[in-house]
Amino acid sequence: MPEETLNVLALLAFAALAAGYVDAVVGGGGLIQLPALLLFLPGAAPVQILATNKLASVFGTSISAATYYRRVGPDPKTFIPLMILAFIGSAMGAGVASHLPSEVFEPIVLVALILVGAWVVFKPSLGEATALKYHGHRHLIGAMIVGFAVGFYDGALGPGTGSFLVIGLVGLLGYSFLEASAKAKMANVATNLAALVVFIPQGAVLWKTGLVMGVCNLVGGYLGARTAVAKGAGFVRVFFIVVVVGFIIRLGGSVLGLW
C-alpha cells in the first residue's frame, strides 16, 4: 500500500479541486487529477490509481450534474439513455482496465484530440446554439452510441472523457456547448459509478485519499458548473479549446517519451 502523508494529501486535494472545476465546465479533469495521483503515489498499482481517481471524480460529477440539471434542464429523454449506455460501456471498460496498457490508447486518443481541437478552432459557429441534426429514434441511437463508446473509454482509461462526451454531443448531435456539458455530466456520473462497481470489490480503492480528494473535487465541480451556466456556451467553447490543447501537449509528450 502506498504511503499517504499529510503533505501528499494536501497536494492531491488541491489537484482534485482544480480538476473538479475543469471537469464541470467542459470535462478533462483527469488531465489534472490522474497525473497528480501518479506523481504523488508512485507506490500505487495502476488499478489503484484508476479506482481512486473514480472515487474522487464521482463527487464532483454528481454535484456539477445536479447544478446543470437545476439551471439548464437537460431533456431526460436523451440523458437517461445516454447515462444507461455510458454505465454499461464504463463497466465493460473497467473490466479490461488492468489488461490493456495505456500505450494501446495513447496514440489513438492523441490523433483524435488533434482532429477535434482543429475542428472546434476552425469552425467558430460549432456549439454556439443547439441545432439538432437528428430527431426521434435516430437522435436517441446517436446519443446511445456516444454514451457507450465514451463510457468504455472512461472505464478502461479515463482522462478526457468529459471532453469526448461534449464534442460527441456537439459535433454529432448538434447541441450547444452548454447543453452538451450538462448532458455530459449526467453521463459522467454513470461512468464513474459503473467503474466503481467493478473496482470496489477488487479492493482497489485507496479510501482515505479518494474521500479527501472527493470533497475537494465536489467543491471544484460546484464552482465550475455555476461558472459555465453563468457565462454560457462561448465561455465553455474557449475553455474546451484550452483543455484540449493542454491534453494534446501532455499526451503528445508521453507518446514521444518526453516525460
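Helices here are DSSP runs of H or I with at least four residues, and strands are runs of E with at least two, numbered from the N terminus. The model is predicted: local features need pLDDT of at least 70 and side-chain atom pairs count only at pLDDT 80 or more, while totals for chains, interfaces and linings use all residues. Residues are numbered from 1 along each chain as its sequence is written, and side-chain values use heavy atoms, with hydrogens and water left out.

**View 1. Leu 251 in helix H10.**
Leu 251 is a residue of helix H10. Its relative accessible area is 6%, so Leu 251 is buried (buried means under 20% relative accessible area, exposed over 50%, and partly exposed in between, with a 1.4 Å probe and protein chains only). Leu 251 and Leu 31 are 220 residues apart along the chain, and their C-alpha atoms are separated by 9.2 Å. Leu 31 is itself one of the buried residues of H2.

**View 2. The buried residues of helix H2.**
In H2, the buried residues are Gly 30, Leu 31, Gln 33, Leu 34, Ala 36 and Leu 37. Their cover includes H1, helix H3 (46-72), helix H9 (207-231) and helix H10 (233-255).

**View 3. Helices H1 and H2.**
Helix H1 (residues 6-26) packs with helix H2 (residues 30-40) at an angle of about 165°, and their axes are 8 Å apart. Therefore H1 is roughly antiparallel to H2. Axes are lines fitted to C-alpha atoms, for helices over the stretch in contact, and angles run from 0 to 180 degrees between N-to-C directions. Angles under 35 degrees count as roughly parallel, over 145 as roughly antiparallel, 65 to 115 as roughly perpendicular, and the rest as oblique. From H1, the residues Val 8, Leu 11, Leu 12, Ala 15, Ala 16, Ala 18, Ala 19 and Val 22 meet Ile 32, Gln 33, Ala 36, Leu 37 and Phe 40 of H2. Contact means heavy atoms within 4.5 Å. By class, the contact of H1 with H2 has 12 nonpolar residues, 1 polar and no charged. Ala, Val, Leu, Ile, Met, Phe, Trp, Tyr, Cys and Pro count as nonpolar, Asp, Glu, Lys and Arg as charged, and the others, Gly among them, as polar.

**View 4. Helices H1 and H8.**
H1 also packs with helix H8 (residues 177-199), at an angle of about 120° and with axes 7 Å apart. The two helices, H1 and H8, are therefore oblique to each other. On the H1 side the contact is made by Asp 23, Ala 24, Val 25 and Val 26, and on the H8 side by Ser 181, Lys 185 and Asn 188. The residues in the contact of H1 with H8 divide into 3 nonpolar, 2 polar and 2 charged.

**View 5. Ser 181 in helix H8.**
Ser 181 belongs to helix H8. Ser 181 counts as buried because its relative accessibility is 1%. Not counting residues up to four places away in sequence, Ser 181 touches Val 25, Val 26, Tyr 68, Val 166 and Val 236.

**View 6. Helices H6 and H8.**
Helix H6 (residues 136-156) and H8 have axes 9 Å apart and pack at an angle of about 45°. H6 and H8 are therefore oblique to each other, and their crossing is right-handed. Gly 151, Asp 154 and Gly 155 of H6 make the contact with Asn 188, Thr 191, Asn 192 and Phe 199 of H8. The contact of H6 with H8 has 1 nonpolar, 5 polar and 1 charged residues.

**View 7. Asn 192 in helix H8.**
Asn 192 lies in helix H8 and is buried, with a relative accessible area of 2%. Leaving aside neighbours within four places in sequence, Asn 192 is in contact with Lys 54, Ser 57, Val 58, Thr 61 and Asp 154. Between the C-alpha atoms of Asn 192 and Asp 23, which are 169 residues apart along the chain, the separation is 13 Å.

Tyr 175 sits in the loop between helix H7 (161-173) and H8. With a relative accessible area of 4%, Tyr 175 is buried. Tyr 175 and Thr 130 are 45 residues apart in sequence, yet 4.3 Å apart in space, C-alpha to C-alpha. Not counting residues up to four places away in sequence, the residues that Tyr 175 touches include Thr 78, Gly 127, Thr 130, His 139 and Lys 183.

Terms used: Left-handed = near helix turned anticlockwise from the far one by under 90°.
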